[in-house]
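Keep the 3D view open as you read.

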Amino acid sequence: CMGVNETAWTVNRIGQMYRKQGHPATCLYSLKRMYGYPTMDVQDFFHKTKQQVKSYLQKPPEIENPLYVGLNHVNGCNMEHFNAKQKAKLFALKGDFYRELGYAEDANQSYSKALSLAVDQASCWLRWGHHCDRVQRETSSSQDFAWAESTVISYLMAIRFGSRRARGYLSRVLRLMSLEAAQVGDLPVKRIEEN
């Protein structure tokens with residue numbers, strides 16, 4: 001008979017497998033129904049919460065308003081026992097919900113909060129880079145390069161802290177830097193060197 005911790009770990013991995021295979025509703029169901037104990041280790045609870053939230057971000061058609069349900073799930077989560085990196089990851093996921101719902105300023109604040117909790121989280125920098133890039137594409141103007149600059153900084157910081165996925169965005173960084181070398185190109189490099 002497996003112990004409590006092994007059962008929680010196994011259920012979390014089953015849920016993750018379903019989510020990664022494109023079955024977010026099955027992931028949510030398995031995480032909700034398969035674990036029969038009243039308590040759970042903090043680390044296991046964090047992984048369970050993260051898998052549930054990521055499943056809602058995939059917008060399962062079986063769930064009505066999955067983005068709002070997922071956002072409520074994150075907002076209702078007791079983060080008191082999580083460490084700073086875990087809190088940062090949840091705030092970054094909260095930013096993803098706001099971004100998907102079209103609340104750019106709330107998303108920006110969530111990503112900022114995530115990075116204030118753990119500045120060395122490459123995944124948080126990458127998520128903020130995606131947000132800044134999206135806003136830059138939607139509000140692109142020839143005079144305002146603030147979002148492009150933020151995109152460049154975020155992607156470069158993600159690379160600096162070890163994100164392999166962020167390396168795929170180097171061509172986008174170079175493209176943004178080439179748009180306006182005087183306004184975009186010099187500032188991000190100086191800020192990266194300062195950190």
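Helix H3 (42-57), H5 and H7 each give at least two residues to the lining of the largest pocket. Helices here are DSSP runs of H or I, at least four residues long, numbered from the N terminus. A pocket is an open set of points on a 1 Å grid over the protein atoms alone, where a 1.4 Å probe fits and protein lies on both sides within 12 Å along at least five of seven lines; lining residues have an atom within 4 Å of a point. H5 brings the largest share, 5 residues. The lining counts 14 residues, with Lys-54, Leu-93, Asp-96, Arg-127 and Arg-165 nearest the centre. Sorted by class, 9 are charged (Asp, Glu, Lys and Arg).

This is a predicted model: local features need pLDDT of at least 70 and side-chain atom pairs pLDDT 80 or more, while totals for chains, interfaces and linings use all residues. Residues are numbered from 1 along each chain as its sequence is written, and side-chain values use heavy atoms, leaving out hydrogens and water.

Back in H3, have a look at Ser-55. Ser-55 is buried, at 0% relative accessible area (buried means under 20%, with a 1.4 Å probe and protein chains only). Leaving aside residues up to four places away in sequence, Ser-55 touches Arg-19, Pro-24, Cys-27, Leu-28 and Pro-60 (contact is heavy atoms within 4.5 Å).

Technical notes. Buried means under 20% relative accessible area, exposed over 50%, partly exposed in between (1.4 Å probe, protein chains only).
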